[in-house]
Amino acid sequence: MALYLTEDDVRQVLDMPLAIAAVEDAHRALSEGRAQDLPRQRTRTPKLALHLLQASYTDQAGASVTGFKAYTSSRSGNRFLVHLYDGVTGALLAMITADRLGMMRTGAASGVASRWLANPHAHELALFGTGWQAEGHLAAQLTVLPIAKVSVIGRNAEKRDAFVKRMRQRFPDRLFVSVAPEEAASAVATANVVGTITTSSSPVLETAWVSPGTHINAAGSNALIRRELSEDLIRKASPVVVDTVETALAEAGDLLPLLEKGRLLPRQLIELGDVITRRVPVTFNPDGMSVFESQGLGVQDLAVALNVLARAREQGLGTELPIAFAADAAMR
């Protein structure tokens, strides 16, 4: 029988190490031909948008799935749901509410990028953003790197301080500092890793602030109207790594203006999966600056969902759906 997993079910079984391992293999699978991913599609009503990410994925043990994540966004909030199907029979395996799942996989993608691109001894993080997604981004960086100090940068002082307070309670062995935007330059200057997870329409990070050897994870610019990094910064960065080139060309707000002007070429973009499989050799450059532009992929959702489902079954979690959608029933 197919299972329905609630947010509480997901919370009980999904941790950041699992999310990072799943997302890393999703990108490895793309490079090795074990996965397919389609760029996000959107449809709209006057007051709501429906977003659809679909993919197929076969893990290293041979388990094959296909499916999609659909989510709506409106003034009342966002609602996320992953549909997971057997990759051989087509039977429905699970429907998983995916607010937390999506937050964890988004953070995990930047964590994987830092694992492969950042200084492995990085000890200081500058984080732009204080929302729900910033929590996952932070947890992932603390999982893969020996970060001792985190400077949290945000425009709203109340939200910024509340975020810092929560993170101090969650990670009491790390130093957290609340930083106003006008103080961002000094916070970035001493950081080894910078994360941007905002909804800004204009750049929050400037080239002059960034020290040599810094790695930047930009995770908020998934539409043309959103910008987090200056054009000059993108032009000076090497490498510029993306989830997939196809998705970056469709919605990477930081990159599209440069691509349209011919100041950045698609062939200059490197897919994260090709870094992981070493199809494109990339090594840490202490004198340079690397960027990972993260848009989010359906295959990341499927890889995490497959692992969440396995753990949920082991622990007896979830509710059986009333309709099994068995392959033999579909044939009748």
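User: Which residue in β12 is the bridge partner of Thr 196?

Analyst: The bridge partner of Thr 196 in β12 is Ala 218. Strands and helices here are DSSP runs (E for at least two residues in a strand, H or I for at least four in a helix), numbered from the N terminus. This is a predicted model, in which local features need pLDDT of at least 70 and side-chain atom pairs count only at pLDDT 80 or more, while totals for chains, interfaces and linings use all residues. Residues are numbered from 1 along each chain as its sequence is written, and side-chain values use heavy atoms, leaving out hydrogens and water.

User: What makes β11 and β12 a pair?

Analyst: Two strands pair if DSSP finds at least two bridges between them. Strand β11 (residues 193–196) and β12 have four bridges, in the parallel sense, so they meet the rule. β12 is also joined to strand β15 (residues 289–293), which runs parallel to β12, by five bridges. There, Asn 217 stands opposite Phe 292 of β15.

User: Why is β12 called mostly covered?

Analyst: A residue is buried under 20% relative accessible area, exposed over 50% and partly exposed in between (1.4 Å probe, protein chains only). In β12 (residues 214–218), five of the five residues are buried. Both faces are covered: on one side sit Thr 214, Ile 216 and Ala 218, on the other His 215 and Asn 217.

User: How many strands form the open sheet, and in what order?

Analyst: Eight strands form the open sheet, with parallel pairing, in the order β10-β9-β8-β11-β12-β15-β13-β14. β10 and β14 (269–271) are at its edges: each has a single partner strand, so one side of each has no neighbour in the sheet. On average, neighbouring strands of this sheet are turned by 20° against each other, direction ignored.

User: Which helices pack on the sheet?

Analyst: Helix α3 packs on the sheet and touches β11, β12, β13 and β15, its direction making about 160° with that of β12. Helix α4 packs on the sheet as well, touching β8 (124–128), β9 (149–153), β10, β11 and β12, with its direction at about 165° to that of β8. Contact means heavy atoms within 4.5 Å. Axes are lines fitted to C-alpha atoms, for helices over the stretch in contact, and angles run from 0 to 180 degrees between N-to-C directions.

User: How do you know that the span of α3 agrees with its number of residues?

Analyst: The expected span is 1.5 Å times one less than the number of residues. For the 19 residues of α3 (residues 99–117) that gives 27 Å, and the end C-alpha atoms are 27 Å apart, so the two agree.

User: What is the angle between α4 and α5, and how far apart are their axes?

Analyst: Two packed helices are described by the angle between their axes and the distance between the axes. Helix α4 (residues 132–144) and helix α5 (residues 157–170) pack at about 35°, with axes 12 Å apart. Ala 134, Glu 135, Leu 138 and Ala 139 of α4 make the contact with Phe 163, Arg 166, Met 167 and Arg 170 of α5.

User: Is Asp 274 buried or exposed, and how do you know?

Analyst: Asp 274 has a relative accessible area of 14%, so it counts as buried. Its place is in helix α10 (residues 272–276). Beyond its neighbours within four places in sequence, Asp 274 is in contact with Ser 31, Arg 279 and Val 280.

User: Why is Arg 174 called partly exposed?

Analyst: Its relative accessible area is 21%, so Arg 174 is partly exposed. Arg 174 lies in the loop between α5 and β10 (175–179). Not counting residues up to four places away in sequence, Arg 174 touches Leu 142, Ile 147 and Ala 148.

User: What makes Arg 278 exposed?

Analyst: With a relative accessible area of 56%, Arg 278 is exposed. Arg 278 is in the loop between α10 and β15, and its phi is near 65°, a positive value in a residue other than glycine.

User: What makes Tyr 71 and Phe 80 an aromatic pair?

Analyst: Rings of Phe, Tyr and Trp (its six-membered ring) pair if their centres lie within 6.5 Å; planes under 30 degrees apart are stacked, over 60 edge-to-face, and the rest tilted. The count by this rule is three aromatic pairs. Tyr 71 and Phe 80 have 4.9 Å centre to centre and 25° between the planes, so they form a stacked pair. Both Tyr 71 and Phe 80 are buried.
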